[in-house]
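Visitor: I am new to this structure. Please show me how to read it.

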Amino acid sequence: RREHAGRMLPLSLLRTATGNPMLVELKNGETFNGTLVGCDTWMNISLKEVICTSRDGDRFWRLPEVIIRGNNVKYLRIPEEVIDMVPEEEIKAPQGKGGKGGKGKGGGRGKGMSPGGRGKGASPGGRGRGRG
């Protein structure tokens with residue numbers, strides 16, 4: 001059995017799980033058991049042959065298909081054998097535009113920036129409004 005401490009991206013896991021059963025619990029407490037049809041980059045999930053359970057667990061619905069908006073998902077339960085099939089990926093740090101790296105000092109085009117880059121009303125010492 002493979003150790004799951006490796007690097008695994010969530011979308012890779014979902015794409016690998018396509019065609020397999022899974023359980024999705026929403027933030028409101030409802031659960032959806034079905035077969036994963038697919039997902040998109042926002043983690044919107046499409047399931048088929050679904051059984052929906054109410055948040056209190058006393059009502060059930062059988063649905064032919066469901067699309068779940070990604071920001072409503074609380075957690076996913078995916079079979080262990082699917083997790084073992086996910087390829088490990090090299091996770092790279094995001095690069096800023098122009099190869100300068102991440103965030104930092106930049107001229108920017110933000111609101112109220114003066115040519116010196118300090119913003120309106122800044123004193124020469126950079127301590128805000130006021131003297132010295």
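Guide: Residues are numbered from 1 along each chain as its sequence is written, and side-chain values use heavy atoms, with hydrogens and water left out.

Visitor: What pLDDT does the protein chain average?

Guide: Where pLDDT is low, the predicted coordinates should not be read in detail. The score is the predictor's confidence in each residue, from 0 to 100. The protein chain averages 80, and 62% of its residues score at least 70.

Visitor: Which elements does the protein chain have?

Guide: It has two helices and five strands, where helices (H or I, at least four residues) and strands (E, at least two) are DSSP runs numbered from the N terminus. Their order from the N terminus is α-β-β-β-β-β-α.

Visitor: In what order do the strands form the sheet?

Guide: Strands of a sheet pair through backbone hydrogen bonds, either parallel or antiparallel. Here the open sheet runs β4-β3-β2-β1-β5, with antiparallel pairing (two strands pair if DSSP finds at least two bridges between them). Because β4 (60-68) and β5 (73-77) each have a single partner strand, one side of each lacks a neighbour in the sheet. Strands β1 (residues 21-26) and β2 (residues 31-39) share five bridges; Val24 has Phe32 in β2 as its bridge partner.

Visitor: How many of the residues count as buried?

Guide: Buried means under 20% relative accessible area (1.4 Å probe, protein chains only). Of the 132 residues of the protein chain, 26% are buried.

Terms used
Buried < 20%, exposed > 50% of the residue type's maximum accessible area, 1.4 Å probe, protein only.
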